[in-house]
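Here are my notes on this model, point by point. Please read them with the structure open.

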Amino acid sequence: MRFSFDLQATDGRARTGVISTPRGDIRTPAFMPVGTAATVKAMLPASVRQTGADILLGNTYHLMLRPTAERIDRLGGLHRFMDWDGPILTDSGGFQVMSLAALRKLTEEGVSFKSHIDGSRHMLTPERSMEIQRLLGSDIVMCFDECPALPADRAAIEKSMQLSMRWAARSKDAFGDRPGHALFGIQQGGLEEDLRAESAAALREIEFDGYAVGGLAVGEGQAAMFGCLDYAPEQLPRDKPRYLMGVGKPDDIVGAVARGIDMMDCVLPSRSGRTGQVFTRRGVVNIKNARHADDPRPLDEQCSCPACRSYSRAYLHHVFRSQEIISSMLLTWHNLHYYQELMAGMRSAIAQGTFDQWTSGFMAERALGDIEPI
């Protein structure tokens with residue numbers, strides 16, 4: 001079985017469909033929980049599946065440093081290593097090298113850097129990134145690119161984009177012919193519409209199985225991001241999946257889907273769960289606040305996750321303040337469940353042609369704010 005994308009319905013620019021892979025189907029719009037180091041923190045793989053997730057994201061940079069891609073390959077690949085039998089997308093490592101690594105040096109060849117873990121020296125190139133992702137055995141592979149932080153001047157953005165396009169061509173050559181596995185190109189160009197168009201044209205010339213809008217959610221703010229998404233997805237092929245990297249908050253996700261995005265990932269629901277920030281239909285709840293200490297009600301009466309089905313706000317407040325491990329488990333489960341319900345709601349609304357009404361309801365309910373304290 002080969003990788004394929006079936007675009008099943010559109011409503012305005014919002015799209016719903018199915019990405020088919022040998023390891024299972026991915027319903028779009030799709031949110032990918034982030035399993036940085038071969039685990040979605042505080043969650044069992046079966047629990048992640050129960051939230052409704054079809055696909056996870058793994059991180060090339062972190063896995064190449066520890067436990068190493070070669071070790072994971074010897075142990076049967078990333079799916080077996082982390083006990084996840086569904087599709088996995090791995091990023092290329094480029095963003096983390098730029099943001100985490102010490103003493104990095106960028107050249108035409110690639111990026112040399114020191115590990116943030118132990119200071120060991122490494123070189124990451126398009127070819128090495130493709131090799132690592134092959135050893136991991138991921139189903140969707142991202143080409144190696146440079147992601148400059150915004151704001152940046154136009155000359156720097158243009159130079160970086162053109163380097164990323166040369167690296168994209170090298171990534172495609174190094175990826176080779178791998179039936180059942182997909183390679184995605186990454187559009188760059190900052191907030192410059194003409195540079196985005198130039199990048200998209202270069203990627204279409206190379207030809208990829210899917211296309212990502214990269215270089216956003218890096219400090220530019222939601223208004224600027226949406227301004228870019230008003231044109232960037234439409235510059236990419238209509239018949240291939242479009243992936244917005246590293247996004248985001250619930251309203252970011254809804255706005256991105258409205259502008260033609262099919263796939264997203266973000267650490268926010270899991271990271272927020274560990275810090276007591278909970279996403280609900282009526283906005284964000286901070287479970288650490290004293291107002292929850294005597295509240296017998298669930299976080300969200302309409303939610304069927306274990307945190308809402310079996311526990312009160314008072315209990316969740318208590319275990320968070322007591323730094324009990326079950327707090328991270330329950331709040332992460334709830335957040336991931338909420339995100340997947342969000343995606344399911346959008347998929348259904350797009351298929352029925354009611355996406356605008358659904359979005360209005362989503363925004364109106366969030367504007368209500370949390371339920372009144374007892």
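1. A cut-off comes first: a residue counts as buried when its relative accessible area is under 20%, and as exposed when that area is over 50%. Asp295 has 1% relative accessibility, so Asp295 counts as buried. Keep in mind that this is a predicted model.

2. Where does Asp295 sit? Its place is the loop between β16 (283-286) and α12 (306-310). Its contacts, leaving aside residues up to four places away in sequence, are Ser312, Arg313, Ala314 and Ile374. Pro373 is 78 residues from Asp295 along the chain, yet their C-alpha atoms are separated by 7.8 Å.

3. Now the nonpolar cores. The largest one has 67 residues. Which of them have the most contacts inside it? They are Leu89, Ile140, Leu229, Tyr243, Leu244 and Met264. Helix α14 (residues 325-352) gives the most to this core, contributing 7 residues. A second core is separate and has 41 residues; Ala38, Leu63, Phe144 and Leu330 are among them. In soluble globular proteins, nonpolar side chains tend to be buried together.

4. Take Leu229 as one example from the largest core. Beyond residues up to four places away in sequence, Leu229 touches Arg13, Val213, Leu216, Leu244, Ala256, Arg259 and Ile261. One of these partners, Leu244, is also listed among the core residues with the most contacts.

5. Helix α15 deserves a look. It covers residues 355-367, 13 residues in all. From first C-alpha to last it reaches 18 Å, close to the 18 Å expected at 1.5 Å a residue. Its buried residues are Phe355, Thr359 and Phe362. Viewed down the axis of α15, these buried residues fall within an arc of 60 degrees, so they line one face of the helix. On the other side, Asp356, Gln357 and Ala367 are exposed. After α15 comes Gly369, with a positive phi near 80 degrees.

6. What do the buried residues of α15 pack against? The partners are β1 (4-11), β2 (14-21), α10 (250-258) and α14. For the pairing with α14, the two helices pack at an angle of about 150 degrees, and their axes are 8 Å apart. On the α14 side, the contact uses Tyr338, Leu342, Gly345, Met346, Ala349 and Ile350. On the α15 side, it uses Phe355, Trp358, Phe362 and Arg366. By type, the residues of this contact are 8 nonpolar, 1 polar and 1 charged.

7. Is α10 enclosed or open? In α10, 7 of the 9 residues are buried, so this helix is largely enclosed by the rest of the structure. The buried ones are Pro250, Asp252, Ile253, Val254, Gly255, Ala256 and Val257. Gly260 follows α10, and its phi is positive, near 100 degrees.

8. Thr60 belongs to helix α2 (residues 60-65). Is Thr60 buried or exposed? Thr60 is buried, at a relative accessible area of 0%. Setting aside residues up to four places away in sequence, Thr60 touches Thr90, Asp91, Ser92, Gly93, Ile132, Gln133 and Leu136.

9. Most residues other than glycine have a negative phi, and most peptide bonds are trans. The peptide bond from Arg66 to Pro67 is cis, with omega near 10 degrees. Pro67 lies in the loop between α2 and α3 (69-74). The bond from Val247 to Gly248 is cis too, with omega near 0 degrees. Gly248 is in the loop between β13 (242-244) and α10.

10. The remaining two places are alanines with positive phi. Ala42 has a phi near 70 degrees and sits in the loop between β4 (30-33) and α1 (45-50). At 32% relative accessibility, Ala42 counts as partly exposed. Ala217 has a phi of about 55 degrees and sits in the loop between β12 (210-213) and α9 (222-229). At 40% relative accessibility, Ala217 also counts as partly exposed.

Technical notes:
Residues numbered from 1 in each chain as written. Heavy atoms only, no water. Core = buried A, V, L, I, M, F, W, Y, C linked by side-chain atoms within 4.5 Å. Buried < 20%, exposed > 50% of the residue type's maximum accessible area, 1.4 Å probe, protein only. Helix = DSSP H or I, 4+ residues; strand = E, 2+ residues; numbered from the N terminus. Contact = heavy atoms within 4.5 Å. Expected span 1.5 Å × (residues − 1). Arc of directions from axis to C-beta. Axes fitted to C-alpha atoms, helices over the stretch in contact; angles between N-to-C directions. Nonpolar A, V, L, I, M, F, W, Y, C, P; charged D, E, K, R; others polar.
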